[in-house]
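Subject: Structure handover

Hi there,

Here is the structure I promised to pass on. Have a look at it first, and then read on for what turned up.

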Amino acid sequence: MEQESRELRRAGLKVTHPRMRILQLFEEDNARHLTAEDVYKRLLADQEDIGLATVYRVLTQFEAAGILIKHNFEGGQAVYELDRGQHHDHMIDVDSGKVIEFVSEEIERLQHEIADRYGYIIEDHSLVLYVRPKKRGSL
């Protein structure tokens, strides 16, 4: 709990109960990519009296403070994840909506080579692959 307090203060945010609880939810191991509604449902399950409007407000504050990254994947709601400062890309299972993180040095290298070939330097990028599980026997 002390770590969350320090993180909020470092981001210039006042330490409040809703901010602490929402940050704790994102720091749990199984909480990688959450919608505002996911956060709200988990708070309700924990019998927390934090409204949905407060959840949205805190998520917006966390994004502005650099604590969370907001993703707007196609065809879905905005999802948030902790900004751990390490670049990674995403795959979205189009059937289940599951978000899979991955890192590929080869893809990173190729992107830089392509940008260089066209006379550019990559400032930032986001790669999202929309995937579907292979059918058995289709190999």
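A salt bridge here is a side-chain nitrogen of Lys or Arg within 4 Å of a carboxyl oxygen of Asp or Glu. Please keep in mind that this is a predicted model.

With that cut-off, the structure holds five salt bridges. Let me start with Arg 21, whose side chain meets that of Asp 46 in a salt bridge with an N to O distance of 2.8 Å. Arg 21 belongs to helix H2 (residues 17–27), while Asp 46 sits in the loop between helix H3 (36–45) and helix H4 (52–64), so this pair ties together parts that are 25 residues apart in sequence.

Arg 21 also forms a salt bridge with the side chain of Glu 48, at 2.9 Å from N to O. Glu 48 is likewise in the loop between H3 and H4, so its pairing with Arg 21 in H2 links parts that are 27 residues apart in sequence.

Asp 46, at 42%, counts as partly exposed.

Another salt bridge joins the side chains of Asp 95 and Arg 132, with 3.1 Å from N to O. Asp 95 lies in the loop between E3 and E4 and Arg 132 in the segment after E5, so the pair ties together parts that are 37 residues apart in sequence. Both Asp 95 and Arg 132 are exposed. As for networks, salt bridges with shared partners connect Arg 21, Asp 46 and Glu 48 into one.

Now to the sheet. It is an open one of three strands, in the order E4-E3-E5, with mixed pairing. E4 (99–102) and E5 (128–131) are the edge strands, and each has a single partner strand, so one side of each is left without a neighbour in the sheet. From one strand to the next, the twist averages 25 degrees.

As a reminder, strands of a sheet pair through backbone hydrogen bonds, either parallel or antiparallel. Here, E3 (residues 89–93) and E5 run parallel and are joined by four bridges. On the E5 side, Leu 129 is the bridge partner of Met 91. E3 and E4 run antiparallel, again with four bridges, and Asp 89 stands opposite Phe 102 of E4. E3 and E4 form a hairpin with five residues between them, and Gly 97 in the turn has a positive phi of about 85 degrees.

Tyr 118 is in the loop between helix H5 (105–117) and E5. With a relative accessible area of 63%, Tyr 118 is exposed, because the cut-off for exposed is over 50%.

Happy to go through any of this with you at the screen.

Best wishes

Methods: Residues numbered from 1 in each chain as written. Predicted model: local features only at pLDDT ≥ 70, side-chain atom pairs only at ≥ 80, totals over all residues. Heavy atoms only, no water. Pairing = 2+ DSSP bridges. Helix = DSSP H or I, 4+ residues; strand = E, 2+ residues; numbered from the N terminus. Axes fitted to C-alpha atoms, helices over the stretch in contact; angles between N-to-C directions. Buried < 20%, exposed > 50% of the residue type's maximum accessible area, 1.4 Å probe, protein only.
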